[in-house]
Each structure stands twice: as C-alpha cells, then as structure tokens.
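Work through the exercises below with the model open. Try each task before reading its solution.

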Amino acid sequence: MKTATNMVVSLHYTLKDDNGEVLDSSNGREPLSYLHGHGNIVPGLEKALEGTTVGHRSQVAVGAKEGYGETNPDLVFEAPREQFPSDMNLEAGSRVYAEGPEGPVSFTVVRLPDSGAILDGNHPLAGKQLHFDFEVVDIRPATKEEMAHGHVHGADDHHHH
C-alpha cells in the first residue's frame with residue numbers, strides 16, 4: 001500500500017532546526033498518525049510522504065513556506081499591560097494564550113516595555129527551515145467517518161468538543 005490521499009499514515013519522526021537541535025520527536029511515543037491529503041501536517045512533509053510505502057525512511061528539509069509559513073510582521077504587536085491579569089508573570093520568551101474566534105490563540109512574548117508586552121502571534125517555527133527524519137510504519141485506508149471529518153480517529157475514537 002502506498003501513501004496517497006485518504007490513507008491513514010503512521011510514522012515515527014524527528015524534527016530538527018538548522019542547527020541540528022531536536023524540536024520534536026515521536027521517539028518513545030506512539031507514532032504520529034495523520035490523514036494524508038487533508039492538510040493535517042505541514043505541506044512539505046506531506047509532499048515528501050506521497051507515494052511512500054511501509055518501511056520507507058527518509059530525511060527531508062522543508063522550507064518555511066511549506067512548513068509553518070513565513071513570518072508575518074502584522075502578527076507582532078504591542079498589548080497594553082492592563083490586558084493581562086495583574087498577577088501574571090510576564091517574561092520574554094514565555095507563551096501567553098487568548099481566546100480567539102476559532103478557539104485559543106497563542107503568542108510569544110518578545111519584549112516587555114514598561115507600557116505592556118510586545119507579542120508575536122506567528123507559529124514559533126514560522127520562517128524557519130525544518131529538517132524531518134521519518135520512517136513510515138503503517139498505512140491503511142481511512143474509514144468513511146475519518147474522511148468525512150478530515151482527520152484520524154484513534155483506537156478509542158474521540159468526541160468533538
């Protein structure tokens with residue numbers, strides 16, 4: 001069986017940055033399972049997996065455009081201090097969350113001028129080249145329900161919130 005649209009693909013992976021630092025990995029965990037062709041993983045990795053079979057191992061470098069996108073300067077802005085709880089300990093590099101129209105949105109605190117906080121709403125990996133090392137461990141046809149929902153359902157299924 002080959003990786004193609006509407007197949008559920010399971011893979012073990014390690015994600016590194018340009019310096020070789022491990023950013024994420026499935027080592028010691030269950031493999032990542034996703035529904036191919038539905039945009040559930042970064043486009044560059046999905047392209048690299050197209051047509052692969054179980055046992056396929058590969059390394060692929062994914063540019064920012066096909067990863068988490070280029071950095072969008074419009075997503076960097078200043079939020080006044082009064083928008084944060086008074087007891088919140090803000091520090092550069094920490095992540096803060098807000099409720100957006102589509103659910104929770106996260107921001108990275110860039111700097112803390114006296115007036116508030118400079119926040120960055122870009123994905124932490126936006127603008128970065130990603131290096132994936134992966135091995136395909138399973139491929140199966142998606143169920144009708146998975147295709148209808150556009151994502152994988154685990155062994156214990158899930159409930160939409």
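Predicted model: local features only at pLDDT ≥ 70, side-chain atom pairs only at ≥ 80, totals over all residues.

Residues are numbered from 1 along each chain as its sequence is written, and side-chain values use heavy atoms, without hydrogens and water.

**Exercise 1.** Give the strand order of the open sheet and name its edge strands.

*Solution.* Strands are DSSP runs (E, at least two residues), numbered from the N terminus. Two strands pair if DSSP finds at least two bridges between them.
- The order is 5-8-7-6, with antiparallel pairing.
- Strand 5 (76-80) and strand 6 (95-100) are the edges; each pairs on one side only.
- Strand 7 (residues 103-111) and strand 8 (residues 116-120) pair over 3 bridges.
- Thr108 stands opposite Asp120 in strand 8.

**Exercise 2.** Find the 1 aromatic pair and classify its geometry.

*Solution.* Rings of Phe, Tyr and Trp (its six-membered ring) pair if their centres lie within 6.5 Å; planes under 30 degrees apart count as stacked, over 60 as edge-to-face and the rest as tilted.
- The ring centres of Phe77 and Phe107 lie 5.6 Å apart.
- Their planes stand at 90 degrees, so the pair is edge-to-face.
- Phe77 is in strand 5 and Phe107 in strand 7, 30 residues apart.
- Buried means under 20% relative accessible area, exposed over 50%, partly exposed in between (1.4 Å probe, protein chains only).
- Phe107 is buried at 14%; Phe77, at 34%, is partly exposed.

**Exercise 3.** Sort the lining of the largest pocket by class.

*Solution.* A pocket is an open set of points on a 1 Å grid over the protein atoms alone, where a 1.4 Å probe fits, with protein on both sides within 12 Å along at least five of seven lines; lining residues have an atom within 4 Å of a point.
- The lining includes Tyr13, Asp24, Arg29, Asn40 and Phe132.
- Ala, Val, Leu, Ile, Met, Phe, Trp, Tyr, Cys and Pro count as nonpolar, Asp, Glu, Lys and Arg as charged, and the others, Gly among them, as polar.
- The lining has 8 nonpolar, 1 polar and 2 charged residues.

Definitions and conventions:
Helix = DSSP H or I, 4+ residues; strand = E, 2+ residues; numbered from the N terminus.
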